[in-house]
Amino acid sequence: MVQITNLCKDFAARPIFSNVTWRIGKEDRVGLVGENGTGKSTLLKIIAGLVEPASGTIQMAKGGTVGYLPQEGIAVKGRTLFAEVMSALEKLQEIEREIREITEALESVSDDGLHDSLLERYGILQEEFRAKGGYTWEAMVGSVLRGLGFSPDDWDKQCETFSGGWQMRIALAKLLLRKPKLLLLDEPTNHLDIEARNWLEGYLCDYPYAVVLVSHDRYFMDQVCRRITEVWNCTLTDFACSYSRYLEEREERIARLREAKQRQDEEIARMEDFITRFRYKADKAALVQSRIKQLEKIERILLPAERRRVRFSFPDPPRSGRVVLELKKIVKAYGELVVLDGIDLTVEKGERISLVGHNGAGKSTLMRILAGDAFQEGERTVGTNVALDYFAQDQAAALDPERTVYEEILADAPYDRVPILRDLLGTFLFSGDDIHKKVGVLSGGEKSRLALAKMLLRPSNLLLLDEPTNHLDLFTKDVLLDALQSFSGTLVFVSHDRYFVNALATRTVAVGGGRIVSYPGNYDDYLEKIAYESAALAGVNRGSEPSEPTGDAADKASQKKERLLSREEEKQRQREERSRLKRLSELESVIEAAEKELALLELIMGEPDYFSDVERSREGTKKHDTLTSQIALLYDEWETLHVSQG
């Protein structure tokens, strides 16, 4: 698909890539990894043709197309959401317009030669239109928009009414619909909730062409990428595995390199010692020169630099009561929009609760109420001896851009913590002159690290964290995860990183439709539970249930009920699968018959004197439009059933 040869690139005399040779296959799923500043985004921009390399060549396969999604900075306006996304299919729309124009022209053209050429062009366009999914394009657009979290109510809204994160979703939707042969995605999950990430994950796994992506979402990388390419020391190193396996292989590779380097260093030391001892002895001159030449030919082994990692732990929290925080009948509305409608939530000591739900479901609203924000109705009760700390979704925006890093943390530091501030900043990678940087010039990741550092100034036994992983790289996320797993207090958090949620949550609270529902366990447990509940609802209605037994009888009854539900679920699934396959077969037969009828009609319409009979041509054109619409609808249903398999 793409062949890169001897690529070189530098910025401000600092080399980024040096003689890089790399290949992307036509169906590759590649994850680019490496520390911030190593050149991942630059490489994507070079392949996309947005940045020129200093030297080297980039060869694209014939007919290859490239689509690139940057991290941020895309904004559109002037059209409705649906119209804007449909513009990604502009070529299909042009084909449809030309087909319509030719159809109208065929009704009036009298020249036989022109008639034949128009008819030939008509056939070519129809085949191209069908091959590119022209009959199902509106269904495709709707599917992608829903997958990325847009509701049908959003489709007629003007694009400028959407915020920056939703603007990036619009750009992603257009890119996915264009289906370039090479898809370059720089942090595509940054602005997506878990549901949208899950949908994108499935879409990319089934994508028919090559994908290269940069992501700080470990679970997403593991599911999508079949190859990991590490950017380090101005070059690229491939690992044919998932991200989790790459971490293991990288450590194994570094261990082997250390051993090889140690042996090499010992050999070099022996040779240098020989040269030093015998340099000025005439009878050893030939041997000394031989050793010098050998030294010059040795290719020195380079070890990857030790990754600077944030290393920290939260201060030991004071003891709290069993019930840390309780909400009763809470109502929160913004105008006529009721976000939380009479919800109850009890947070107990030691719990790690994950709030999940699509964007706009009310997770951040609930988090702010837990932190003490106002609400219209209900009661909020804080437990005994609770010391609460809240990390807002936009916590970095609360930092003063005019202060230096040190001044910012000093402003909130208790007197007894001042002596350790420099050490604390050092653990968050702010060392040397970094502490004198203005907050306003820091990157998103640096601001998030500084905001997290400020949380360590005072011990708390209840942490409320709203998307603390935003802007953090994979390595910093892992360290934050380690610190939170070791935290002995209580935690309520929102994160769209599925790996982070699975590794941390002991309870999952689904937020949506003004309600909340609690599920024990992490996000995977939650998905399994709602799938089970959905299957139970789809099962046969078994009538009224007897009173619940107790003790051993209850356990046996529960196990029996689960077995029955499981069998019923499997039977239902088999019935649905048989029904689906039967309908698919029927649709294929109907489509085949309709296409044959359409082909025969087009053959008749291609006769030289066909359009000389006005009434006949009008009826034929009307029938042609009806058949075309019918086939489009049939294909739409067929595609829906086909996609739902498995």
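Which residues form a negative surface patch? The patch is made by D111, D112, D116, E120, D609 and D613. Please keep in mind that this is a predicted model: local features need pLDDT of at least 70, side-chain atom pairs count only at pLDDT 80 or more, and totals for chains, interfaces and linings use all residues. Residues are numbered from 1 along each chain as its sequence is written, and side-chain values use heavy atoms, with hydrogens and water left out.

**Overall picture**

- The protein has 19 helices and 18 strands, where helices (H or I, at least four residues) and strands (E, at least two) are DSSP runs numbered from the N terminus.
- Along its principal axes, the C-alpha trace spans about 105 × 90 × 55 Å.
- Of the 646 residues in the protein, 44% are buried; buried means under 20% relative accessible area, exposed over 50%, and partly exposed in between (1.4 Å probe, protein chains only).

**The negative patch**

- Patches are built from residues with over 30% relative accessible area and no salt bridge, joining like charges within 9 Å and nonpolar side chains (Val, Leu, Ile, Met, Phe, Trp, Tyr) within 5 Å.
- Accessible areas come from the Shrake-Rupley method with a 1.4 Å probe, and for residues only the protein chains shown count as cover.
- Asp and Glu count as negative and Lys and Arg as positive, while His and the chain ends are not counted; the place of a charge is taken as NZ of Lys, CZ of Arg, CG of Asp or CD of Glu.
- One of the patch members, D111, sits in the loop between α3 (90-106) and α4 (112-131).
- D111 counts as partly exposed because its relative accessibility is 44%.

**Salt bridges**

- Side chains of opposite charge can pair when their charged atoms come close.
- A salt bridge here is a side-chain nitrogen of Lys or Arg within 4 Å of a carboxyl oxygen of Asp or Glu, and the count by this rule is 32.
- D28 pairs with R227, and their closest N and O atoms are 2.5 Å apart.
- D28 lies in the loop between β2 (14-24) and β3 (29-33) and R227 in strand β8 (residues 227-232), so this pair ties together parts that are 199 residues apart in sequence.
- D28 is partly exposed at 21% relative accessibility, whereas R227 is buried at 13%.
- R403 has a salt bridge with D400, with the closest N and O atoms 3.7 Å apart, and another with E408 at 3.2 Å, N to O.
- D400 is partly exposed at 28% relative accessibility, R403 is partly exposed at 30%, and E408 is buried at 1%.
- Salt bridges that share partners join D400, R403, E408, D412 and K454 into one network.

**Cysteines**

- How many disulfides does a search of the whole structure find? The search finds 0, with a disulfide taken as a pair of cysteine sulfur atoms within 2.5 Å.
- A disulfide is a covalent bond between the sulfur atoms of two cysteines.
- For C8, the closest cysteine sulfur is in C234, and at 9.3 Å it is too far for a bond.
- C8 is buried, with a relative accessible area of 17%, and C234 is buried too, at 18%.
- C159 also counts as buried, at 0% relative accessibility.

**Backbone angles**

- Most residues other than glycine have a negative phi, and most peptide bonds are trans.
- C234, although not a glycine, has a positive phi of about 70 degrees; C234 is found in the loop between β8 and β9 (235-239).
- N19, also not a glycine, has a positive phi of about 50 degrees.
- N19 is in strand β2 and is partly exposed, with a relative accessible area of 49%.

**Buried spots and a contact across the chain**

- In helix α5 (residues 137-147), the buried residues are W137, M140, V141, G142, V144, L145 and G147.
- A505 is located in the loop between α16 (498-504) and β17 (507-512) and counts as buried at 10% relative accessibility.
- The C-alpha atoms of A505 and S354 are separated by 5.7 Å, while the two residues are 151 residues apart along the chain.
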